[in-house]
Amino acid sequence: MIGNTSLTPTPLFLLQDIQQVTLSPTEAWTFFGEATHAVLIVTKGSGGMLDESDQATLQAGSVLVLSREAERQVRADTEDPLRLLVFYFDVLQQQDPVTNAYSPSRSWHLTHTQCLFSQVDHCTELALTLYAHRQANDPLVAFQNQIRFQQLLHLIWSHAERQATVETSSVVDQTISYMHANYAEPISLDDLANRAGFTPRYYTEVFKKKVGKSPIEYLTSCRMEHAKTLLRESNKRLREVARLVGYADEFYFSRRFKQQVGVSPTVFIRMNQKQLAPVTFHYAEYLLALGIRPIGAPEEQVTYLREQLRMKEADEIVSLPENTPDLIKPLQPTFILTESTGDYATFSKIAPTLAFPWMEHDVFGHLNMLADVLGMKDRAHIWLKQHEQKVLKAKRCIDAHIRKEETFLILNVRPQSLLAYGARNIGHVLYKSLKLTPPKMIQKELQRNPNFWATIINENQLSQFASDWLFVHIFDDDLSRTHFKELMKQDVWQRIPAVQKGQVVILNPIWFSYDPLSLDIQLEEAVQILTHANTATLSKEKRNILHG
């Protein structure tokens with residue numbers, strides 16, 4: 001049994017007549033409407049459209065859509081004749097869905113606010129073809145001309161949609177400029193919508209689609225950027241700063257500032273002192289990338305800076321044992337930077353404290369946030385540009401040595417578990433920077449979440465993550481090393497294509513760090529690994545245990 005499908009009724013546009021109108025200089029032609037609608041296309045010359053409320057210039061390629069209730073007068077310029085093609089058409093609307101009967105519609109009207117368009121692509125050529133076949137006696141040719149007319153309308157109205165999008169975008173840009181010029185004044189959503197000529201709901205919809213945030217969110221961001229400049233560069237009182245960026249209530253301003261920036265205005269001021277001396281937990285490498293040397297950091301982080309990154313600055317950073325806030329106060333830090341919101345209450349009693357939850361952003365997101373708070377956007381931009389150039393150079397080098405179809409799996413071995421990594425942490429350089437191809441199972445996860453971190457797998461699932469290359473990171477403890485040795489004895493390990501090809505790489509500890517400075521070194525090592533692995537200069541044994 002074939003089911004009946006009900007289609008939404010759409011109007012039919014029936015071409016009734018085509019006329020060519022040629023106007024001598026200063027001569028006028030009037031469309032009275034009443035009986036039919038019309039499409040007017042200028043094929044030669046220039047002129048103007050005149051009526052009581054509208055005046056517009058017409059040039060070759062101009063298209064004017066006129067509904068039956070309209071009355072328009074067109075006049076040629078004083079110098080050249082004006083030639084028009086006028087297509088008269090009627091609109092048939094379905095009256096009875098049962099009998100499928102159509103009849104002329106008196107209620108149909110144009111849904112586009114703009115009826116005048118210029119330079120609609122291919123419109124003039126199609127119009128001239130229609131005119132050339134206007135008196136065809138062959139029914140098939142006449143039928144084809146009706147089809148051409150539908151195509152003509154489609155060209156015009158699709159152009160109208162694109163033009164409306166451009167105009168909407170322009171209106172949004174105008175209101176953005178208004179916000180930047182008048183952020184200190186009281187501005188409401190209704191004010192902005194009225195300026196755009198839209199309802200508040202529609203204005204918010206188109207604004208968010210273009211900008212990515214609501215108008216009021218954008219206005220707040222704009223005000224806070226100016227507030228940060230004032231707090232950094234002037235000695236104005238908080239009440240005055242609030243007033244200068246559009247807030248009558250300094251307490252409300254302070255709450256909004258902390259929501260937007262992450263710290264209160266007073267903490268922000270102290271964090272932007274000329275001589276910065278922060279104590280940091282987890283973000284030492286980020287500060288160093290911005291040219292700031294912390295005065296204190298956790299022991300393991302200082303050790304990492306000294307032994308893995310080989311940074312001389314590490315010798316001047318005080319190593320802080322875990323859970324010893326009493327050792328921080330004597331250092332007199334200008335601020336404390338942590339990843340744990342749970343530490344905020346304790347640390348904020350010692351110095352202004354900023355908490356950046358670790359999973360909230362990727363490495364570049366954290367760097368930009370920190371730079372924003374410290375007024376170092378320029379330094380962050382320079383670092384990111386330099387890193388981008390390193391990535392491009394590394395990618396060109398590696399792409400010349402590996403096949404496009406080769407896949408790469410990143411495996412993290414822990415005492416009692418295995419993790420297959422995505423594009424965060426260990427996977428950032430391989431998947432995000434170098435855009436190497438992960439196994440299909442990881443590809444699916446990355447399609448769902450571009451910042452996918454890792455998934456726990458067992459030994460029997462390794463075949464589902466089969467790859468041509470295997471990058472292995474082993475936790476630095478006896479249980480993890482034993483786990484890996486036992487894994488290598490199993491048949492499932494021996495069946496992995498990367499193992500059979502001798503393309504297993506044991507990663508050194510620097511690959512487990514997720515910070516700007518470590519990314520640079522990981523990038524260099526990736527080039528070393530992937531550009532020499534298939535040459536005679538590197539033995540199979542060395543390929544398998546390149547680092548370790």
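Is Trp 511 buried or exposed at 0% relative accessibility? Trp 511 counts as buried (buried means under 20% relative accessible area, exposed over 50%, partly exposed in between, with a 1.4 Å probe and protein chains only). These close-ups come from a predicted model, where local features need pLDDT of at least 70, side-chain atom pairs count only at pLDDT 80 or more, and totals for chains, interfaces and linings use all residues. Residues are numbered from 1 along each chain as its sequence is written, and side-chain values use heavy atoms, with hydrogens and water left out.

**View 1. An open sheet of five strands.** The strand order is β18-β17-β16-β19-β20, with mixed pairing (two strands pair if DSSP finds at least two bridges between them; strands are DSSP runs of E, at least two residues, and helices are runs of H or I, at least four residues, numbered from the N terminus). β18 (454-457) and β20 sit at the edges with a single partner strand each, so one side of each has no neighbour in the sheet. β17 and β18 run antiparallel, joined by four bridges. Tyr 421 has Ala 454 in β18 as its bridge partner.

View 2. Rings of Phe, Tyr and Trp (its six-membered ring) pair if their centres lie within 6.5 Å; planes under 30 degrees apart are stacked, over 60 edge-to-face, the rest tilted. The whole structure holds 23 aromatic pairs. Tyr 421 belongs to strand β17 and Trp 453 to the loop between α15 (440-448) and β18, 32 residues apart. Tyr 421 is buried at 0%, while Trp 453 is partly exposed at 32%. Phe 471 and Trp 511 form a tilted pair, with centres 6.3 Å apart and planes at 50 degrees.

**View 3. Helix α16 and its buried side.** In α16 (residues 478-488), Ser 480, His 483, Phe 484 and Leu 487 are buried. They cover an arc of only 95 degrees around the axis, which puts them on the same side of α16 (the arc is that of the directions from the helix axis to the C-beta atoms). The face turned away from that side carries exposed Asp 478 and Lys 485. Asp 477 caps the N-terminal end, with a side-chain oxygen 3.1 Å from the backbone nitrogen of Leu 479.

Definitions and conventions
Polar contact = N/O pair within 3.5 Å; in protein donor to acceptor, adjacent residues only side chain to side chain.
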